[in-house]
Amino acid sequence: MKTLIKNTSILDMLGPKIKKGNIYIDNNKIVEVGFTKDFKAEKIIDGNNFLTMPGFINAHTHVAMSFFRNYGSDTDLMTWLNDYIFPAEDKLNEEIVYDASLLSFAEMIKSGTTCFADMYFFEESTIKALEKGKLRAQISRGLSSPDDNNYRIKENIELFNKYNSKDEKIEIAMGPHAVYTTSKSYLKEISKIARDYQIPIHIHLSETIFENEKCFERYGQTPTEVFNECGVFENRTIAAHGVHLSDSDLEILKEKNVSIIHNPSSNLKLSSGILDVKRLIDFGINVCLGTDSAASNNKQSILREIELAALLAKYHSADGLNSFDILKMATINGAKALGLDKEIGTIEVGKKADLIMIDLDNINHLPNNDPISSICYSTYEDDIKYVFVDGELVLDRRNLLHLDENQIKECAVRLSQNLLWLV
């Protein structure tokens, strides 16, 4: 299908300059940016008063945890996990994960996310839900030890063999959960398999001081040093949180080209700490954004993470990071972390049309003296009117085109009540 986004403001994320022009989409790719007369569009969207930019990339999620939203609130991370989440997760099954994934997809699309990286279990159900959700995704099976006969690892490999080449929008990764839920021998086995199969890795890293202290008591090493010794970083790796990293940790992460996913809402809600993003960026680390789960956030809106990341950066440094730097974390930096920077993350000819259109004709944007700053600090989710994934319109004037929102809501109420009643 040929689509024309006409007369729109364009933030291509190649630089902070905003241009006026047209975007021409043929099937799933951007074929022209600017103005051309020789294009017969089947669908035309008037982009006047809209800013069009690359879709947001949510680089750390647990999408099937959406049914745990507002459960176990006002606790620290380890209490939240051990007293609430782990017992509730024992009650999960394929049906619940499928429906909980759809709930997350609806929320993410309506807040401008076009691509996400997930770590959880029953991931085949999440992949099946993507047939309706239409999003781009990296999917990893959460791995922890003890793991009898490496059952979880085998399940992860089966996912890779079954789905990695089935849909170009889906990549399978391996998900060793964290240093406190895995052994060194288990991590070494995962690292070897990942190298053999060329599978990327998704981990949690130094989320809390407690995690670091317990790791040092156990191994005399930081979590980063443990993962490095076990060969995890020999694979393309994304590491969620990274709140408490030493300079020597950063040296390792830079050398191994590990990307850190900043999850400001989750870190604040679980009292995990505040990441000094500028310190990491100045060190040469690629930093992107994630929401974590709807249970620890409790929203799955990258817009909220953008604003918080911008504000918290100024807590650590008066000049902090500028608005464009923060938007890079939500777009091209996330694409780099997932190995997709040649496909998405900027608006360029030849790239996939993963795009969002933000309505600037709202009182919260006026006067619009600085549109880039306005995206970071003034935009509400409802301002996002159109979302494209792989050239396909999935949100049209705030209407989900492939998901039944009422059915999703009814299912969420019914299944979540039954789920938590069993805990």
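In helix α8 (residues 247-255), the buried residues are D249, L250, I252 and L253, where buried means under 20% relative accessible area, exposed over 50% and partly exposed in between, with a 1.4 Å probe and protein chains only. Viewed along the axis of α8, these residues fall within an arc of 160°, so they line one face of the helix; the arc is that of the directions from the helix axis to the C-beta atoms. The structure is a predicted model, in which local features need pLDDT of at least 70 and side-chain atom pairs count only at pLDDT 80 or more, whereas totals for chains, interfaces and linings use all residues. Residues are numbered from 1 along each chain as its sequence is written, and side-chain values use heavy atoms, with hydrogens and water left out. Helices (H or I, at least four residues) and strands (E, at least two) are DSSP runs, numbered from the N terminus.

The cover over the buried residues of α8 includes β10, α7, β12 and α10 (277-283), contact being defined as heavy atoms within 4.5 Å. Just after α8, N257 adopts a positive phi of about 60°. Together with β11 and β12, helix α8 makes a right-handed β-α-β unit; a crossover is right-handed if, with the strands pointing away from the viewer, the path from the first strand over the helix to the second runs clockwise.

Strand β11 (residues 237-241) has 5 of its 5 residues buried, so it is largely enclosed by the rest of the structure. Pairing of two strands requires that DSSP find at least two bridges between them. On this basis β11 pairs with β10 in the parallel sense over 5 bridges, with I201 opposite T237 of β11. Strand β12 (residues 259-262) also runs parallel to β11, joined to it by 3 bridges, and here A240 stands opposite I261.

Strand β10 likewise has 5 of 5 residues buried, so it is largely enclosed by the rest of the structure. From β10, I201, I203 and L205 point one way and H202 and H204 the other, and all are buried. Both H202 and H204 are among the residues touched by H60, which is located in strand β6 (residues 56-61). H60 counts as buried because its relative accessibility is 0%. Other residues that H60 touches, not counting those up to four places away in sequence, include A240, H241, I261, N263 and D292. The side chains of H60 and H62 are joined by a polar contact of 3.4 Å; such a contact is a pair of N or O atoms within 3.5 Å, where, within protein, one must be able to donate a hydrogen and the other to accept it, and residues adjacent in sequence count only if both atoms are side-chain atoms.

In helix α6 (residues 209-219), the buried residues include E211, N212 and C215. They cover an arc of only 95° around the axis, which puts them on the same side of α6. The buried residues of α6 pack against β10 (201-205) and α7 (223-229), and just after this helix G220 takes a positive phi of about 70°.

With a disulfide defined as a pair of cysteine sulfur atoms within 2.5 Å, the count comes to 0 disulfides. The closest cysteine sulfur to that of C230 belongs to C215, at 9.7 Å, too far for a bond. C376 is in no disulfide either, the nearest cysteine sulfur, that of C288, being 16 Å away. C230 counts as buried at 4% relative accessibility, as does C376 at 2%.
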